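Dear colleague,

I am handing over the structure below, together with some notes on what turned up when I went through it. Please read them with the sequence and the coordinates open beside you.

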Amino acid sequence: MSKKSNNRKNRILIAFALLLVSLAPIHAQVKETVVTYDIDKREFESELPFDEVFKIKFKSTKVISGIQVRYKIDLPDTIDEKFIKKYYFQFPDKNDPKAYITKEDLNLSVQNFSISAIGPLHPNVPYKFDFFIYEKINVSENAANALKADIKKTINWLYLENEVLPVPDTIVERFSTVLQKHVKVLYNEKGITVGPQDLFKNELRDYVKGLDKANSEIKGETGNYTSASGQILPLFLGSSFCDYLKKLDVKNIDNASLLDDPMNLMIKDFSDVTLNQMTVFYNRNCNQSFNYSSEILKGNVKFITNLGLERLDKDHIYQNAESLELLKASIDVMSSLRTVNDHKPYFDSSIDSSITTLLEQMIDASKIITKNKKIISTLNAEIPDILANKYSQTKWPTDYNAVPDVESKATPYINLDLGFLYASELNDAFALQTVNFHVKPVNRNAIFSKLKGWDKFFKQACLQIGLAQRLGPSDDSYDTFLTGDLGTPYVGLGFRVNRIIRLSGGVILYQQKNDNPIITDKITKGSFAFTITINSALSSALGYVGGLFAGAN
């Protein structure tokens, strides 16, 4: 086998090997690019990619509860249709082109985390990034209790101590003043500011609603209590009743056993009280111008052990249902007493029949008042923690240019392709290596479907200059332009059909012998060529040789 034949076989093997090597990094290319942002230093650790969606990896020495990333183009240009068309990545909302694009993750509790789907960004364009770092609010028990105490004081003043509820603006202003003593600004888990009105509508809604409802019922039943009290006072056990009471003798009572029987077993703390014991109270009451019974009926006093009396403080006024039940039970028993001779009511007409009905109304009102007072007490003891799942926010801007130095070694205006070439006039195939020159910077990871207009065209089109090595069987019909295995020059225009493959057309140069045998000089000619090439990353694959192309990847 000839040396030329061996060389051609070697070229074919080398071409296939180079293509396989170039395809190896493709999987790495389609992975999401990651850039790191140091929260503590407040800076990116590397340049931002352009024309592709990427991920920002955040790191910090402290635990972060959440983060919001906002970014937009930071140019003073007038935002018109031309501007929007040129910077099409940044305007998802054409109705508000100045708006930030926002990405966030607010359910964190870590030191290192990432946010994906940032961008794409336009190259050579300054961007303004705003980072909102959220940290979950954690306060001491004493601080939390102090806040709750102030909330209780304020809400109770608003809803319990005022006869008429203040206007909404007064409520918000009053509550805002309380909050400012403890926290300046609150944010929820979505990063939205939480103000006094929001707290009333959400965290404090049930608390405020419960207080308001209970207080309304107390006011209503207080009216019922005092109305019945006002009617019963003139009727309740006057001087004629006292006369009958003083003459009371078991010998004159037909059913005298009622005097020593418990009057009402259902009265919790007074189930064993008898009418004889109550007559002691009534005799004292008669001697005191009915002052004792009047104070009970007004809701100011209640019975205690051994039928003593205790004055109620302002928070417990009208809460004496058991005392009223005791009075009613005694009236019921006294109304049941009959004389021995004619079996007529012993107290005759000295006890008005409407007294028991009015007492029942007062008892019901007192029970409802007591129930709602307990509800208020429970609500005040279990004030919601308005700081639960709330966050504080730290904000700082970062002005950053997507590709600040296009003259660097990693310039995106030049890249390298490997592939095959077919020369139509020679009817021959070649291995091809080209250097590609773009008018606009190209990111090999960018997805073309995200690019638009002329920007897309100029990032797909390029000028190619390269070398082609003959792959077919050797013959004497033509010679390559360069000596040895370098092959022949190629110049063409390429067009990327996707991130990897490029189709192009151009011209290769070759040499032919002159038809005149006397002339030994060869004629330089050109042939139209069609090529298919693959964008490669040789610098990482070929070591030292790849280093020669370090500026072309």
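In this predicted model, the count of aromatic pairs comes to 26. One of them joins Phe129 and Phe131, whose rings are stacked, at 6.0 Å centre to centre and with 15° between the planes, and both of these residues are buried. Another pair is formed by Tyr225 and Tyr318, and because their planes stand at 55°, with the ring centres 4.9 Å apart, this pair is tilted. Since Tyr225 belongs to helix α7 (residues 205-232) and Tyr318 to the loop between β11 (309-311) and α11 (321-336), the pair ties together parts that are 93 residues apart in sequence. Both partners are buried, Tyr225 with a relative accessible area of 0% and Tyr318 with one of 16%.

There is also one aromatic cluster, whose members include Phe241, Tyr282, Phe303 and Phe347. A ring of another kind of interest is that of Trp157, over which the charged end of Arg174 sits, 3.9 Å from the ring centre.

Turning to the nonpolar cores, the largest has 70 residues, and Ile155, Met278, Tyr282 and Leu327 are those with the most contacts inside it. Helix α12 (residues 355-381) supplies the largest share of this core, namely nine residues. Beyond its neighbours within four places in sequence, Tyr282 is in contact with several residues, among them Phe236, Phe241, Leu327 and Met334. Apart from this core lies another, of 26 residues, which includes Ile56, Val125, Phe129 and Ile133.

With best regards

Methods: Residues are numbered from 1 along each chain as its sequence is written. This is a predicted model: local features need pLDDT of at least 70, side-chain atom pairs count only at pLDDT 80 or more; totals for chains, interfaces and linings use all residues. Side-chain values use heavy atoms; hydrogens and water are left out. Rings of Phe, Tyr and Trp (its six-membered ring) pair if their centres lie within 6.5 Å; planes under 30 degrees apart count as stacked, over 60 as edge-to-face and the rest as tilted. Buried means under 20% relative accessible area, exposed over 50%, partly exposed in between (1.4 Å probe, protein chains only). Helices (H or I, at least four residues) and strands (E, at least two) are DSSP runs, numbered from the N terminus. A charge sits over a ring if NZ of Lys or CZ of Arg is within 6 Å of the ring centre and within 35 degrees of the ring normal. A nonpolar core is a set of buried Ala, Val, Leu, Ile, Met, Phe, Trp, Tyr and Cys residues joined through side-chain atoms within 4.5 Å. Contact means heavy atoms within 4.5 Å.
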